[in-house]
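Work through the following exercises with the sequence and the coordinates at hand. Try each task before reading its solution.

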Amino acid sequence: MRELFKREKTNPIITADKMPYSVNTVFNPGVAEHNGDVVLLLRVEDLQGQSHLTVARSKNGVDGWQIELKPLIFPQPGTDEYAYEQFGCEDSRITYIPEKDEYFICYTAYSPVGPGVATARTKDFVRVEKSGLIFPPNNKDAAIFPRKFNNKWVMLHRPVAGDIEHIWLTCSPDWIHWGEPKCLLPERGGPWWDAARVGAGAPPIETDEGWLIIYHGVKTTTSGAIYRLGLALVDRGNPYKLLVRYPRWVFGPTEPYEKQGDVSNVVYTCGAIVRGDELWMYYGGADTCVCLARAKLKDLLNEITNFEGASDPACSVSCGLG
Ligand code: BMA
């Protein structure tokens, strides 16, 4: 199969030894553009094993990263107010909301009762306002669409029900009260690459064909899990309407920095930006480093809308809830 994504030749672009303070690993960044810079909200695992989120900026999005000395979002132990993230702040997904001229950050808030979804807002990646937990454990991989549909904000998230881990949609009039749940992309089961678990990757990307959703899928094997990335498309005016679920993965761990690390065989994205006619996808390799891969947006859309086998029922597998 033709490679849709091309890896940056200087990958990995950020590693633990580039950090201005001692850390174990740096991976799974949230991504935004601000004042002409590419901003990464790095997930940094400290030397105790807990994660926090630290800002890195670059003019060209590839090198020359200026990394802050202190994290932007971090656990604040000893306070009841932030008990929901006392074990760490992980995997941010950042959406710029034009209507409010601010960035809405969803992240995993890890506590003794498991991972939940927390949010925060910032205008400049210097000051941040935490809005607290919005979904209790066990839930993660949340990302918001950048505008309202029928006067409601729409969010992707991944609640866990027993051993079932599907991607759901929910919506809200006020970013506080979330309802109207719908299962959008179920784990596919059986031998599929996205059989065991799925979760949203980058926040949805608006295209002429619809909203492009990059998601991760997990296959469990006798030698461990493999994390890969796949694509789906939902209707531009109604994200609750799934148009396409591409059957194949489009990106998987093949390079040494993706195959070996703290967690082997992982490519995991939390953010992508459109630059010219390209999609720049930032991702974590093996839970250890930060990498970049690029694809022509047109090629991705052509591939997923014109593939052979589009009528295969597995491409639009249902979670049984209608
Ligand atoms: C997921 C998340 C990611 C991580 C991945 C592979 O559950 O925790 O942060 O990259 O597992 O370990």
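The exercises below concern a predicted model, and they turn to the ligand, the pockets and some backbone features.

**Exercise 1. Find the distances from oxygen atoms of the ligand to polar side-chain atoms of Lys140, Tyr227 and Asp287, and then state how much of the ligand the protein buries.**

Solution. Apply a cut-off of 3.5 Å between N or O atoms for a polar contact. For lysine 140, a polar atom of the side chain is found 3.3 Å from a ligand oxygen. For tyrosine 227, the separation between a side-chain N or O atom and an oxygen of the ligand is 3.1 Å. For aspartate 287, the corresponding distance to a ligand oxygen is 2.6 Å. Finally, consider the surface: the ligand taken alone exposes 310 Å², and 84% of that is buried by the protein.

**Exercise 2. Identify the pocket in which the ligand sits, and describe its volume and lining.**

Solution. Start with the location, for the ligand is placed in the second largest pocket. The volume of this second largest pocket is about 240 Å³. Its lining is made up of 18 residues, and those nearest the centre are Asp91, Lys140, Arg197, Tyr227 and Tyr268.

**Exercise 3. Carry out the corresponding description for the largest pocket: what is its volume, which residues lie closest to its centre, and which element gives the most to its lining?**

Solution. The volume comes first, and the largest pocket holds about 450 Å³ of space. It is lined by 20 residues, with Tyr96, Pro204, Ile205, Ala272 and Ile273 the closest to its centre. At least two lining residues come from each of β2 (25-34), β6 (88-97), β16 (205-207) and β20 (267-275). Among the contributors, β20 supplies the most, namely 4 residues. The composition by class of this lining is 15 nonpolar, 2 polar and 3 charged residues.

**Exercise 4. Inspect the backbone at Pro12, Asn138 and Asn151, and place each residue in its loop.**

Solution. Asparagine 11 and proline 12 are joined by a cis peptide bond with omega of about -10°, and proline 12 belongs to the loop between β1 (6-7) and β2. A cis bond is also found from proline 137 to asparagine 138, where omega is near 5°; asparagine 138 lies in the loop between β9 (129-135) and β10. Turning to phi, asparagine 151 has a positive value near 70° although it is a residue other than glycine, and its place is in the loop between β10 and β11.

Terms used:
Residues numbered from 1 in each chain as written. Predicted model: local features only at pLDDT ≥ 70, side-chain atom pairs only at ≥ 80, totals over all residues. Heavy atoms only, no water. Polar contact = N/O pair within 3.5 Å; in protein donor to acceptor, adjacent residues only side chain to side chain. Areas by Shrake-Rupley, 256 points an atom, 1.4 Å probe, with all protein chains shown as cover. 1 Å grid on protein atoms, 1.4 Å probe; cavity = no way out; pocket = protein on both sides within 12 Å on 5 of 7 lines; lining within 4 Å. Sits in = over half its atoms within 2 Å of the grid points. Points joined across faces, edges and corners; volume = space filled by probe spheres on them. Nonpolar A, V, L, I, M, F, W, Y, C, P; charged D, E, K, R; others polar.
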